[in-house]
Amino acid sequence: TRSAPSPQVGSYRDISHESLSLFRLLEPRIGTRGGRSWAPLPLGTTADPTARPLAEILVLGTGDRVERLHPALLRHMRAGGIAVEVQDTANACATFNFLMSEKRLTAAALIPP
């Protein structure tokens, strides 16, 4: 049995590129674009329009209430092809379940309330 590193995330303030890197180790991976994961495209290039990310959206639950993530982190994730939905954890669970029921490619990162 292989175990993945578990970054310590106790609050939304702990969410970082490093803490979300766990998703690169799991299958299916999120934000993959043409075999690349979580990396912005080189300047002057465009994404392969036929390459679909293995997950379309990452739902982040930030505990008891919605918390704002650092704008640079959100930009970095979007540049890597990851759509992000930030909600309180209860609503993030409901959103994740709804998206899964629609057969959407979805991942969730949830901080307990």
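These notebook entries record what I looked up in a predicted model.

**Basis.** I number residues from 1 along each chain as its sequence is written, and side-chain values use heavy atoms, with hydrogens and water left out. Local features need pLDDT of at least 70 and side-chain atom pairs count only at pLDDT 80 or more, while totals for chains, interfaces and linings use all residues.

**Leucine 60.** I listed its contacts (heavy atoms within 4.5 Å), not counting residues up to four places away in sequence; among them are Leu20, Leu69, Val84 and Ala109.

**Glycine 61.** I found glycine 61 in strand β3. Glycine 61 counts as buried because its relative accessibility is 1% (buried means under 20% relative accessible area, exposed over 50%, partly exposed in between; 1.4 Å probe, protein chains only). Its C-alpha atom is 6.2 Å from that of alanine 109, 48 residues apart along the chain.

**Salt bridge.** My search of the whole structure gave one salt bridge (a side-chain nitrogen of Lys or Arg within 4 Å of a carboxyl oxygen of Asp or Glu). Arginine 65 pairs with glutamate 67, with the closest N and O atoms 2.7 Å apart. Arginine 65 is exposed at 55%, whereas glutamate 67 is buried at 13%.

Notes
Helix = DSSP H or I, 4+ residues; strand = E, 2+ residues; numbered from the N terminus.
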